[in-house]
Amino acid sequence: MVSRGNPFDRRYETLEELVDDISETLHCPVTLEDANHRLIAYSSHDPETDEARIATIISRRVPEKVIGVLWRDGYMQKIIESDEPVRISPIAEVGLGGRVAIGIRSQQELLGFIWVVDDRQQLEDSDLHLLRQAAQAVGKKLIALQQISRRETEGYQNFFWQPADRALEGRRRHSRTGS
């Protein structure tokens with residue numbers, strides 16, 4: 001089989017564009033969360049989506065009861081420990097339909113998760129391969145956004161602290177000269 005490269009390894013203006021592309025490619029709704037289960041981006045979905053997805057989108061965070069059940073049933077451990085997509089059976093007690101999830105990593109650091117609603121159609125091996133590629137692309141995009149955010153924060157700090165530093169230096173010169 002000849003590899004054609006990563007279809008998601010291209011320029012996206014936003015994470016929403018990337019998530020929409022993943023959703024269109026896999027023909028399933030997709031949710032992107034950070035490592036603390038806060039919602040980062042999500043694709044559109046049909047009106048018959050499950051309760052857990054709706055609650056996540058409304059509150060912009062995965063409900064604690066859903067996270068608790070995923071830990072209890074061992075799914076979170078599998079997702080965190082593996083570079084492979086993990087299939088999750090429906091869990092009616094928390095309104096969670098079938099999912100496939102994969103951790104997003106940069107080197108060994110867990111950056112977040114991609115969750116694919118997999119209720120109506122089972123993702124095939126080729127789809128799971130695409131999901132691994134999507135996780136790589138999302139990881140690169142998240143790192144790039146973190147770097148931009150870090151540079152902006154440093155720029156703001158320099159902007160706000162620089163005048164104070166100059167004023168302090170001016171006071172030091174003034175006190176040394178005794179004027």
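Predicted model: local features only at pLDDT ≥ 70, side-chain atom pairs only at ≥ 80, totals over all residues.
The volume of the largest cavity is about 120 Å³. Its lining is formed by Thr31, Glu33, Ala52, Arg53, Thr56, Val62, Val66, Leu70, Leu96, Arg99 and Trp115.

These lining residues may next be placed on the secondary structure. Three elements each contribute at least two residues to the lining of the largest cavity: the strand β1 (30–34) and the helices α2 (51–59) and α3 (64–72). Of the elements, α2 gives the most, with three residues.

Six of the residues that line the largest cavity are nonpolar, two are polar and three are charged. Among the residues of this lining are Val62, Val66 and Leu70, as well as Glu33, Arg53 and Arg99.

The structure holds one aromatic pair. The ring centres of Phe113 and Trp115 lie 6.3 Å apart and the ring planes stand at 50 degrees, so the pair is tilted. This follows because planes under 30 degrees apart count as stacked and those over 60 as edge-to-face, with the rest counted as tilted.

Are the two partners of this pair buried or exposed? Phe113 has a relative accessible area of 1% and is therefore buried. Trp115 is likewise buried, because its relative accessible area is 5%. The cut-off for a buried residue is under 20% relative accessible area.

Note on methods
Residues numbered from 1 in each chain as written. Heavy atoms only, no water. 1 Å grid on protein atoms, 1.4 Å probe; cavity = no way out; pocket = protein on both sides within 12 Å on 5 of 7 lines; lining within 4 Å. Points joined across faces, edges and corners; volume = space filled by probe spheres on them. Helix = DSSP H or I, 4+ residues; strand = E, 2+ residues; numbered from the N terminus. Nonpolar A, V, L, I, M, F, W, Y, C, P; charged D, E, K, R; others polar. Phe/Tyr/Trp six-rings, centres within 6.5 Å; stacked < 30°, edge-to-face > 60°. Buried < 20%, exposed > 50% of the residue type's maximum accessible area, 1.4 Å probe, protein only.
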